[in-house]
Amino acid sequence: MSPKDLRDLFLLAAIWGGSFLFTLQAVPDFGPFPLTAVRVGFSALALMSYITVTGRLPSFLANWKPIFALGILNAAVPFSLYAFAALRLESGLLAVLNAMAPLFGALVARVWLKERLTPSRILGLCLGFLGILILVYDKLSFNKGAEGWAVLASLLATVFYGIAANFTARYLRGVQPQAVAAGSMVSATLVLLPAAIYWWPAQFPGLHAWGAALSLSLLCTAVAYLIFYRLLSNVGPSKTITVTFLVPPFGVLWGALLLDEALTAQMLIGMSTVLFGTLLATGLIGKRKAA
């Protein structure tokens, strides 16, 4: 990996790690659905402008049906679930829970695409779920105002990410990825618009909330997607996926530095267990060398 690609990898992890911080800052003023609609709406405008200028619009138009479905699976639903969870959970914990997406991706691939799971990948899945249990065992109360529903919402978001990854592999292989990114944001915007209008807050969100929402949209979504797909093109998917393991440390770091979130032994042990399990489950470690 060249120094430029390595820089892009760490930059992308830092940006995506910050997305949870921006969500925490904006969601109290907006509410989950309005915030998510703002996030995908402005991102759709930016990305559609980009693919129009670069000549990728025909790729989106030719594949709009599966792209529309992907926008629901990969943006509208999981972004809304994370926004809901951010009303109760800290940004560092949200970033670590997000690392479960590859684990659910492996499970969905086994059930849907009949991919074989080796013993080491099964061990990785078990370790990943053990890590989550370490992180959230004291937060699984489902009384009114408790954190249990927020934890479940975060985990359900990663399930949708896992489904979306396999859906993309099956139905959008070979489609220009920038067109997929832009089109999925348009789809998510259209789906979320009615809910955003219905639940739009009576008091107009403040400037601080708007700044966080626009940062979430333009930086953590539009710009991040462009960096992500540039990495895919330059170094391939197996190296690009390592960004998943860099996001949680950045998420925890931003939460501790900027929001004074506690960095506990429970968080460190749980995060390490989740990341090691994910490395095993995705096959990035534990592979036998080919003869």
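Visitor: Which helix does Thr278 lie in?
Guide: Thr278 lies in helix H13, residues 265–281, where helices (H or I, at least four residues) and strands (E, at least two) are DSSP runs numbered from the N terminus. This is a predicted model, in which local features need pLDDT of at least 70 and side-chain atom pairs count only at pLDDT 80 or more, while totals for chains, interfaces and linings use all residues. Residues are numbered from 1 along each chain as its sequence is written, and side-chain values use heavy atoms, with hydrogens and water left out.

Visitor: Is Thr278 buried or exposed?
Guide: Thr278 is buried, because its relative accessible area is 0%; buried means under 20% relative accessible area, exposed over 50%, and partly exposed in between, with a 1.4 Å probe and protein chains only.

Visitor: And what is Thr278 in contact with, leaving aside its neighbours within four places in sequence?
Guide: With those neighbours left aside, Thr278 is in contact with Ala99, Pro102, Leu103, Gly124 and Phe245, contact meaning heavy atoms within 4.5 Å. Thr278 and Leu127 are 151 residues apart in sequence, and their C-alpha atoms are 8.0 Å apart in space.

Visitor: How far apart are the C-alpha atoms of Leu135 and Met267?
Guide: They are separated by 6.0 Å, although the two residues are 132 residues apart along the chain. Leu135 lies in helix H7 and counts as buried because its relative accessible area is 2%. Not counting residues up to four places away in sequence, Leu135 touches Leu93, Val96, Gln266, Met267, Gly270, Met271 and Val274.

Visitor: Which residues touch the most other members in the largest nonpolar core?
Guide: That core has 90 residues, and Phe30, Leu35, Leu89, Leu94, Ile132, Leu135 and Met185 touch the most other members. Helix H10, residues 207–235, gives the most to this core, with 14 residues. A nonpolar core here is a set of buried Ala, Val, Leu, Ile, Met, Phe, Trp, Tyr and Cys residues joined through side-chain atoms within 4.5 Å.

Visitor: Switching to the surface, which residues make the nonpolar patch?
Guide: Phe84, Leu87, Leu130, Leu133, Tyr137, Leu140, Phe142, Trp149 and Leu152 make a nonpolar surface patch of about 870 Å². The accessible areas come from the Shrake-Rupley method with a 1.4 Å probe, and for residues only the protein chains shown count as cover.

Visitor: Which helices each supply at least two residues of that patch?
Guide: Helix H7 (119–136) and helix H8 (148–171) do. Leu133, one of the patch residues, lies in helix H7 and is partly exposed because its relative accessible area is 47%.

Visitor: What about Asp260, where is it found?
Guide: Asp260 is found in the loop between helix H12 (243–258) and H13, and it is classed as exposed because its relative accessible area is 70%. Phi of Asp260 is near 60°, a positive value in a residue other than glycine.

Visitor: Where is Ser91, and what does it contact?
Guide: Ser91 is in helix H5, residues 91–98. Leaving aside its neighbours within four places in sequence, Ser91 is in contact with Phe20, Leu21, Leu24, Gly251, Gly255, Leu259 and Glu261.

How values were computed: Patches are made of residues with over 30% relative accessible area and no salt bridge: like charges are joined within 9 Å, nonpolar side chains (Val, Leu, Ile, Met, Phe, Trp, Tyr) within 5 Å. A salt bridge is a side-chain nitrogen of Lys or Arg within 4 Å of a carboxyl oxygen of Asp or Glu.
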